[in-house]
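Reader: Could you take me through this structure? I would like to ask questions as we go.
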Amino acid sequence: MTTAADLADRVLSGDLALHELEAHTDADTATKARRILLAQNADADVDVDLSTIGDFSFDAATAESAIENMVGAVQIPVGIAGPLTIDGGALPDGKTHYLPLATTEGALVASVNRGCSAIQAGGGANARVLQSMMTRAPVFCVRDVHEASAVVSWVRDNEDRLAAAAMETTNHGELTELTPYVVGDSVFLRFGYDTKDAMGMNMATIATQAACEVLESETAADLIALSGNLCTDKKPAAINAIEGRGRTVASDVVLTREQVKDRLKTTPEAIEEVNTRKNLIGSAKAGSLGFNAQAANVVAAAFLATGQDAAQVVEGANAITTIDVRDGDLYASVTIASLDVGTVGGGTKLPTQSEALDILGVRGGGDPPGTNADALAELIATGALAGELSLLGALASSNLASAHEQLGR
Ligand SMILES: CC(C)(COP(=O)([O-])OP(=O)([O-])OC[C@H]1O[C@@H](n2cnc3c(N)ncnc32)[C@H](O)[C@@H]1OP(=O)([O-])[O-])[C@@H](O)C(=O)NCCC(=O)NCCSC(=O)C[C@@](C)(O)CC(=O)[O-]
Ligand SMILES: NC(=O)C1=CN([C@@H]2O[C@H](COP(=O)(O)OP(=O)(O)OC[C@H]3O[C@@H](n4cnc5c(N)ncnc54)[C@H](OP(=O)(O)O)[C@@H]3O)[C@@H](O)[C@H]2O)C=CC1
């Protein structure tokens, strides 16, 4: 029988490539062989003990579509914030939610938890998904602007042909928008899809490839890159903040002056002033795309817990927080322009991440399709609202440093 140690030796001697191990043994033994290899490869005076990374709770084979050259898993502590009730478009009426958050930042869960307690005191939040559209924007080369204009005209006249080609590749996805952009001899087509419960980046990419093949066969356009960065995936971009990407989702709440005092230890006016000077003026002066305090904290922690693509936190930070004092009470809202979430596919299939989705009752496909991912977006947006309320409250009452001294060190 081939042991993990034998396989590690074969890789070290150059007989096998790192990624070929699974062809010679089961997935768990392959991860062990790589850990042995790393220990043997370490400098003599360094003890590379990977026993904790190697002590993971699921079968390595279940992670095969999520990782290559696997050696194990890192563990991030998961906490919960709640209870939270939300009047959402996709969430069941009257249900009490607890939001799983995976983070290593002490005080973060406490902060969101406090925000949730304020929202609960206020009778719960409202939340709605306003748009659902995953985008992919290939770039084509043409001879000159005359040809660019001709290609755009062809696209306008043949959207149904492009849509038909794209739709042949998926049972769930629907092409809902197709917008051309021209820059000299470059033509970009921004394809927008309703990807239902999938975050949809693989789905949109595969569908767009099929549409590009039709365009190339019918016009002079030459596909240069299937992603031309106008999508825009995993980079800060104004187009996502303006046009939206993935889910565009908003959440809001009204708190009385007494609730603000009791839960956030400050006044509506003080929170409004912090929001105006920090989130609005400060962000404008900084040239920021995100006019919020810590939306990315909640998006990142929820993404890690529920198996979303962590790099897309970049887009999840495209959020605007508004605060208004209304007749002495506090109105607060968070609108996230581009929240890329799914409840099927990608990392959502991993066992621990699936369990986190179960906490929220949104694992897998929704009925009708799309409703589970909408519900997840509404939950994350409301978690972000809770985080904003608590942090703005802490800043207004000069409690940020002391909170982190107490909880985060
Ligand atoms: C830390 C608190 C919540 C204390 O807040 P507090 O009001 O002093 O504490 P409290 O003991 O009166 O408790 C109030 C509520 O907070 C929650 N709470 C309280 N303690 C815990 C705990 N241990 N575990 C879980 N929940 C906790 C809990 O809901 C509790 O209600 P209760 O259940 O007692 O009725 C508050 O001071 C706070 O939220 N501070 C802000 C901290 C924060 O938001 N940190 C986020 C990260 S900062 C960052 O990364 C981004 C930044 C700041 O750089 C971005 C920027 O530039 O703005
Ligand atoms: N390719 C790329 O350029 C990029 C890929 N990624 C990665 O893409 C992955 C996510 O892509 P994604 O397309 O979401 O996932 P998957 O590639 O895992 O595909 C999910 C598939 O699930 C099927 N499905 C079943 N039930 C449903 C339902 N209710 N709603 C929607 N789809 C359903 C769909 O099949 P069908 O289509 O047949 O209907 C869908 O295509 C992540 O791993 C991410 O890291 C991230 C960024 C870029």
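This is a predicted model: local features need pLDDT of at least 70, side-chain atom pairs count only at pLDDT 80 or more; totals for chains, interfaces and linings use all residues.

Reader: How far is a polar side-chain atom of Ser-111 from an oxygen atom of ligand 1?
Author: The distance is 2.7 Å. Lys-278 also has a side-chain N or O atom placed 2.4 Å from an oxygen atom of ligand 1. For Arg-263, a polar side-chain atom lies 3.1 Å from an oxygen atom of this ligand.

Reader: And which residues are closest to ligand 2?
Author: They are Arg-136, Thr-170, His-172, Gly-200 and Asp-309, out of 21 residues that surround ligand 2.

Reader: Is the polar atom of Gly-200 that lies 2.6 Å from an oxygen atom of ligand 2 in the backbone or the side chain?
Author: That atom of Gly-200 belongs to the backbone. The side chain is involved in the case of Asp-309, where an N or O atom is 2.7 Å from an oxygen atom of ligand 2. Thr-205 likewise has a side-chain N or O atom, 3.4 Å from an oxygen atom of the ligand.

Reader: Let us change topic to helices. At what angle do α1 and α2 cross?
Author: Helix α1, residues 4-12, and helix α2, residues 27-41, cross at roughly 60°, and their axes come within 8 Å. The two helices are therefore oblique to each other. The crossing of α1 with α2 is right-handed.

Reader: Which residues make that contact?
Author: On the α1 side they are Ala-4, Ala-5, Leu-7, Ala-8, Asp-9, Val-11 and Leu-12. On the α2 side they are Thr-29, Lys-32, Ala-33, Ile-36, Leu-37 and Gln-40. By class, nine of the contact residues are nonpolar, two are polar and two are charged.

Reader: What about α5 and α6, how do they pack?
Author: Helix α5 (residues 159-167) packs against helix α6 (residues 201-218) at an angle of about 140°, and the axes are 7 Å apart. That angle makes α5 oblique to α6. Their crossing is right-handed.

Reader: Which residues of α5 meet α6?
Author: Arg-161, Leu-162, Ala-165 and Ala-166 of α5 meet Ala-207, Ala-210, Ala-211, Val-214, Leu-215 and Glu-218 of α6. This contact has eight nonpolar and two charged residues, with no polar ones.

Reader: Then why are α8 and α9 called roughly perpendicular?
Author: Helix α8 (residues 257-264) and helix α9 (residues 268-286) pack at about 75°, with axes 9 Å apart. Angles of 65 to 115 degrees count as roughly perpendicular, and α8 and α9 are therefore described in that way. Arg-257, Val-260 and Leu-264 of α8 meet Pro-268, Glu-269 and Ile-271 of α9. Four of these contact residues are nonpolar, two are charged and none is polar.

Reader: Now the backbone. Where is the cis peptide bond with omega near 5°?
Author: That bond runs from Gly-82 to Pro-83. Pro-83 has its place in strand β1, residues 78-88. Another cis peptide bond joins Cys-231 to Thr-232, with omega near -10°. Thr-232 is in the loop between β7 (222-225) and α7 (238-243). Most peptide bonds are trans.

Reader: What is phi for Lys-196?
Author: Phi of Lys-196 is near 55°, a positive value in a residue other than glycine. Most residues other than glycine have a negative phi. Lys-196 is found in the loop between β6 (186-194) and α6.

Key:
Residues are numbered from 1 along each chain as its sequence is written. Chains are lettered from A and ligands numbered from 1 in the order in which they are written. Side-chain values use heavy atoms; hydrogens and water are left out. Axes are lines fitted to C-alpha atoms, for helices over the stretch in contact, and angles run from 0 to 180 degrees between N-to-C directions. Helices (H or I, at least four residues) and strands (E, at least two) are DSSP runs, numbered from the N terminus. Angles under 35 degrees count as roughly parallel, over 145 as roughly antiparallel, 65 to 115 as roughly perpendicular and the rest as oblique. A crossing is left-handed if the near helix is turned anticlockwise from the far one by less than a right angle, and right-handed if clockwise. Contact means heavy atoms within 4.5 Å. Ala, Val, Leu, Ile, Met, Phe, Trp, Tyr, Cys and Pro count as nonpolar, Asp, Glu, Lys and Arg as charged, and the others, Gly among them, as polar. A polar contact is a pair of N or O atoms within 3.5 Å; within protein, one must be able to donate a hydrogen and the other to accept it, and residues adjacent in sequence count only if both atoms are side-chain atoms. A residue is near a molecule or strand if one of its heavy atoms lies within 4 Å of it.
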